[in-house]
Amino acid sequence: MSLVRVEGVTKKYRLGDQTVVALHDITLAFEEGVFLAIAGPSGSGKTTLLNIIGCIDTPTRGQVFIDDREVTGLSGDALADLRARTTGFIFQTFNLFPVLTAAENVEYPLLQLSEVGKDERGERVKRYLSVVGLEKYAHHTPNQLSGGQRQRVAIARALAINPRIVLADEPTANLDSKTGKSILDLMKRINREFGTTFIFSTHDRHVMAMADRLVRIEDGHLARLAMKVDEHWQQVRTGKNTHKRREGAT
Ligand code: ADP
Ligand code: MG
């Protein structure tokens, strides 16, 4: 069973009297536990695809299934509920609330879950700040933290709901390369230890190289899907060409 399945998804945006086709007929599926990168240059459709997988946005055409349940067509409330319980989000610009402490930022998405009481919220905040190595910074506000520490708070916030999927849109783009690598290392450790599925977008080949699976998009088209085997990428599917070949990890 696939955790996420995208079938024939096209996304068009209207800009005045122009139509921008951000995604063309994308079909892909992946199972729980993957550490997957969506790679492509700026404007290729990465954010649009992540937003559609995360049910933040809806496709113009095509279907999205989470756990084999079709989510396209669900009402706004049902989608909001699905998002609140299923998906953690990490953004390029961290998107923390500046007036809240690290602990309060991590607690925030839990306030939407009525079944999670105050004690449980406190435990999860403590647990996930510790997972990201920030237990000593619980009472700091974002402006008292470095970029890397802010992104760690964002990771703890994404994990707090015990999500099935964490979606990260260019999570390292605002970090220096060393800090970016440490953020990716942390995400990978969480993927390995907790089995959390991670889907992240990037245009940085060092970040791509850390993925186990790679989806490449160019101008809204799925260009290539590859799997890492023994540090090499093996092509598993493309729209144009289905023969398998081995290639370098870039
Ligand atoms: P990426 O994340 O790879 O940079 P995006 O998914 O943001 O790419 O954008 C893909 C294409 O869709 C681009 O041409 C972009 O200008 C366009 N686009 C994205 N969002 C909108 C929007 N809300 N309205 C109009 N065009 C958009
Ligand atoms: Mg983007």
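**Figure 1. Salt bridge between E7 and R5 in the predicted model.** E7 and R5 form a salt bridge in which the closest N and O atoms are 2.5 Å apart. The structure shown is a predicted model. E7 is partly exposed at 31% relative accessibility, and R5 is also in the partly exposed class, with a relative accessible area of 23%. R5 has a further partner in D68, and the N to O distance of that salt bridge is 3.7 Å. R5 belongs to strand β1 and D68 to the loop between β4 (61-66) and β5 (69-70), so this pair ties together parts that are 63 residues apart in sequence. D68 is partly exposed, with 41% relative accessibility.

**Figure 2. Salt bridge between R164 and D67.** The closest N and O atoms of R164 and D67 are 2.6 Å apart in this salt bridge. Because R164 lies in the loop between α5 (147-160) and β7 (165-169) and D67 in the loop between β4 and β5, the pair ties together parts that are 97 residues apart in sequence. R164 has a relative accessible area of 27% and is partly exposed; D67, at 27% relative accessibility, counts as partly exposed. Returning to the previous view, salt bridges with shared partners join R5, E7 and D68 into one network. The count of salt bridges comes to 14.

**Figure 3. Polar contacts of ligand 1.** A polar backbone atom of G43 is 2.7 Å from an oxygen atom of ligand 1. In the side chain of K46, an N or O atom is 2.8 Å from an oxygen atom of ligand 1. For T47, the distance from a polar side-chain atom to an oxygen atom of ligand 1 is 2.8 Å. Ligand 1 has 560 Å² of accessible area on its own, of which the protein covers 64%. Two or more residues of the shell around ligand 1 come from each of β1 (4-15), β2 (18-30) and α1. The largest contribution is that of α1, with three residues. Residues around ligand 1 include Y13, L15, V20, A22 and P41. The shell consists of five nonpolar, six polar and one charged residues.

Figure 4. Helix α1 spans residues 46-53; six of its eight residues are buried, so the helix is largely enclosed by the rest of the structure. The buried residues are K46, T48, L49, L50, I52 and I53.

Figure 5. F94 lies in the loop between β6 and α3. F94 has a positive phi of about 70° although it is not a glycine. Its relative accessible area is 10%, so F94 is buried. F97 is placed in the loop between β6 (87-90) and α3 (102-107), and is partly exposed with a relative accessible area of 35%. Together with V99, Y108 and L111, F97 forms a nonpolar patch on the surface, with about 410 Å² of accessible area.

**Figure 6. D219 in the loop between β9 and β10.** The loop that holds D219 runs between β9 (213-218) and β10 (221-229). D219, a residue other than glycine, has a positive phi near 50°. D219 counts as exposed, at 60% relative accessibility.

**Figure 7. K11 in strand β1.** K11 is found in strand β1 and counts as buried at 9% relative accessibility. The C-alpha atoms of K11 and V34 are separated by 25 Å, the two residues being 23 residues apart along the chain.

Methods
Residues numbered from 1 in each chain as written. Chains lettered and ligands numbered in written order. Predicted model: local features only at pLDDT ≥ 70, side-chain atom pairs only at ≥ 80, totals over all residues. Heavy atoms only, no water. Patch = residues over 30% accessible without salt bridge, like charges linked within 9 Å, V, L, I, M, F, W, Y side chains within 5 Å. Areas by Shrake-Rupley, 256 points an atom, 1.4 Å probe, with all protein chains shown as cover. Salt bridge = Lys/Arg side-chain N within 4 Å of Asp/Glu carboxyl O. Helix = DSSP H or I, 4+ residues; strand = E, 2+ residues; numbered from the N terminus. Buried < 20%, exposed > 50% of the residue type's maximum accessible area, 1.4 Å probe, protein only. Near = heavy atom within 4 Å. Polar contact = N/O pair within 3.5 Å; in protein donor to acceptor, adjacent residues only side chain to side chain. Nonpolar A, V, L, I, M, F, W, Y, C, P; charged D, E, K, R; others polar.
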